[in-house]
Amino acid sequence: MSQGKTNKRMGSNAERLYAKLFRELGYTFCRTARQSSRIHDDAGIDLVNLPWNVQIKAGKQRGMNPSDVLRSIDERVKELFPPGSVESCLSNILIHRKFVGRGKNRDKYDDLVIMSFEDFKDMIDGTDNNTKE
């Protein structure tokens with residue numbers, strides 16, 4: 001199998017895994033964007049029906065810049081959704097399911113959640129992101 005197909009499979013598997021985990025956490029209607037919304041997928045949002053815009057990355061992700069990934073979601077949401085839409089008011093979250101080599105045990109540091117400090121503050125304050133520009 002080519003590296004591109006392997007990466008696509010790994011990414012799709014991670015999206016399905018996290019959708020399942022969010023459903024288990026009580027977000028009953030969480031689905032992958034591939035399953036439910038092409039426009040969300042085009043905006044870089046991999047999971048829908050959550051109170052955040054979530055992008056999933058899986059594997060080694062050489063050269064990935066989390067700031068660029070989060071910024072890209074912002075830009076694509078502005079291009080693809082009308083002002084004031086739910087998506088334009090949500091915090092952006094990147095979940096990276098890191099590659100763990102064979103024979104190694106996965107631990108809690110192999111699945112990371114990355115977001116801006118501003119979005120993190122909003123989440124801690126319990127403020128509604130509808131006031132976000």
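A: Start with a term: a residue is buried when its relative accessible area is under 20%, and exposed when that area is over 50%. The model here is predicted.

Now the helix. Helix α4 covers residues 66-80, which makes 15 residues. At 1.5 Å a residue, α4 should span 21 Å. Its end C-alpha atoms are 21 Å apart, so expectation and model agree.

Look at how α4 begins. A side-chain oxygen of Asn 65 comes to within 2.9 Å of the backbone nitrogen of Ser 67.

Next, its two sides. Val 69, Leu 70, Ile 73 and Val 77 are the buried residues of α4. Seen down the helix axis, these buried residues fall within an arc of 95°, so they line one face of α4. The spacing has a simple background. An α-helix has 3.6 residues a turn, so residues three or four places apart point the same way.

Now the cysteines. A disulfide is a covalent bond between the sulfur atoms of two cysteines. This structure holds 0 disulfides. Cys 30 is in none, and its nearest cysteine sulfur, that of Cys 89, is 19 Å away. A pair must lie within 2.5 Å to count as a disulfide. Cys 89 is likewise in no disulfide. Cys 30 has a relative accessible area of 0%, so Cys 30 is buried. Cys 89 has 9% relative accessibility, so Cys 89 counts as buried.

Notes
Residues are numbered from 1 along each chain as its sequence is written. This is a predicted model: local features need pLDDT of at least 70, side-chain atom pairs count only at pLDDT 80 or more; totals for chains, interfaces and linings use all residues. Side-chain values use heavy atoms; hydrogens and water are left out. Helices (H or I, at least four residues) and strands (E, at least two) are DSSP runs, numbered from the N terminus. The expected span of a helix is 1.5 Å times one less than its number of residues. Buried means under 20% relative accessible area, exposed over 50%, partly exposed in between (1.4 Å probe, protein chains only). The arc is that of the directions from the helix axis to the C-beta atoms. A polar contact is a pair of N or O atoms within 3.5 Å; within protein, one must be able to donate a hydrogen and the other to accept it, and residues adjacent in sequence count only if both atoms are side-chain atoms.
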